[in-house]
Amino acid sequence: MKSLVIVSHPYPSQSKIIKALQQTVEGIENVKVRNLESLYGNDVSGFDVAAEQMAYEGIDRLVFMYPTHWFNTTPMLKAYLNEVWTYGWAFGPGGDALKNKQLLVVTSAGASQYTYSHNGLIQSTMDEVLTPMKASALYVGMNYMKPLVFHDVASASEENIAQFQQKLLAALSE
C-alpha cells in the first residue's frame with residue numbers, strides 16, 4: 001500500500017515525538033513524506049497547490065501526522081486543507097481525487113488519556129476531538145481509519161518513544 005504522510009508541527013524545534021515518528025517513516029518503501037513547515041515555513045498561504053495535489057497521485061493511504069494543538073489540527077495543516085483540498089479536485093463536480101483512499105490520523109497529546117475522556121478535564125475523548133478530521137474524510141469519500149493517538153508525550157521516555165514508533169510501523173504495514 002502506497003502512503004503519503006503529511007507532517008505538521010507548529011514548533012518544529014521543540015518537536016520530540018512528531019520528529020521521531022517522521023524519522024521512523026522516512027525511507028520506508030512506498031511512503032512519501034512531506035513536512036509542511038519544512039516546505040513552507042509558517043506561510044499559511046504559500047502552498048504550491050499543484051505540487052501538493054500531485055503528491056496524492058498513486059497513493060492508497062493518506063496519513064496526517066501532527067500534535068493535537070488546542071484540541072485541533074496545527075495552523076499549517078488547517079490552512080493546507082483549506083488550500084489543497086479544493087472544490088473540483090477533492091469534492092464537488094469531478095472532485096474525486098481522494099475517493100476511496102484511506103485517511104489515518106496520527107497525533108500526539110501532551111495530556112493523559114484520562115484527560116481525553118468523559119470523566120477527564122475536557123470531558124471529550126480524542127475520537128470526539130478528531131470529529132472534524134473524520135467528517136472531512138467522509139465528505140470527500142475517503143475511508144477514515146481508527147486514529148493512532150499517543151498520549152502523555154510531554155513526559156515520554158525513550159522507551160515510550162520507541163513503543164510509539166513500533167505502533168506507527170505496525171499501522172503502516174496493515
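Is Phe-64 buried or exposed in this predicted model, and what is its relative accessible area? Phe-64 is buried, with a relative accessible area of 0%, and the close-up views below begin with the ring that pairs with Phe-64.

**View 1. Phe-64 and Tyr-80 form an edge-to-face aromatic pair.** The ring centres of Phe-64 and Tyr-80 lie 6.3 Å apart and the ring planes stand at 85°, so the pair is classed as edge-to-face, for which the angle must be over 60 degrees. Phe-64 belongs to strand β3 (residues 61–67) and Tyr-80 to helix α4 (residues 75–84), so that the pair, whose members are 16 residues apart, links distant parts of the chain. Tyr-80, like Phe-64, counts as buried, its relative accessibility being 0%.

**View 2. Tyr-40 and Phe-47 pair within an aromatic cluster.** Across the whole structure, a search finds 10 aromatic pairs.

View 3. When neighbours within four places in sequence are left aside, the residues in contact with His-151 are Ala-109, Ala-111, Ser-112, Gln-113, Tyr-116, Met-126 and Phe-164.

**View 4. Asn-30 has a positive phi in a loop.** Most residues other than glycine have a negative phi. Asn-30, although not a glycine, has a positive phi of about 70°, and its place is in the loop between α1 (17–25) and β2 (31–35). With a relative accessible area of 37%, Asn-30 is partly exposed, because this value falls between the limits of 20% and 50%.

**View 5. Gln-123 also has a positive phi, and it counts as exposed.** The phi of Gln-123, which is likewise not a glycine, is positive at about 50°. Gln-123 lies in the loop that connects β4 (102–108) and α5 (126–129). The relative accessibility of Gln-123 is 55%, which is over 50%, so this residue is counted as exposed.

Methods:
Residues are numbered from 1 along each chain as its sequence is written. This is a predicted model: local features need pLDDT of at least 70, side-chain atom pairs count only at pLDDT 80 or more; totals for chains, interfaces and linings use all residues. Side-chain values use heavy atoms; hydrogens and water are left out. Contact means heavy atoms within 4.5 Å. Helices (H or I, at least four residues) and strands (E, at least two) are DSSP runs, numbered from the N terminus. Buried means under 20% relative accessible area, exposed over 50%, partly exposed in between (1.4 Å probe, protein chains only). Rings of Phe, Tyr and Trp (its six-membered ring) pair if their centres lie within 6.5 Å; planes under 30 degrees apart count as stacked, over 60 as edge-to-face and the rest as tilted.
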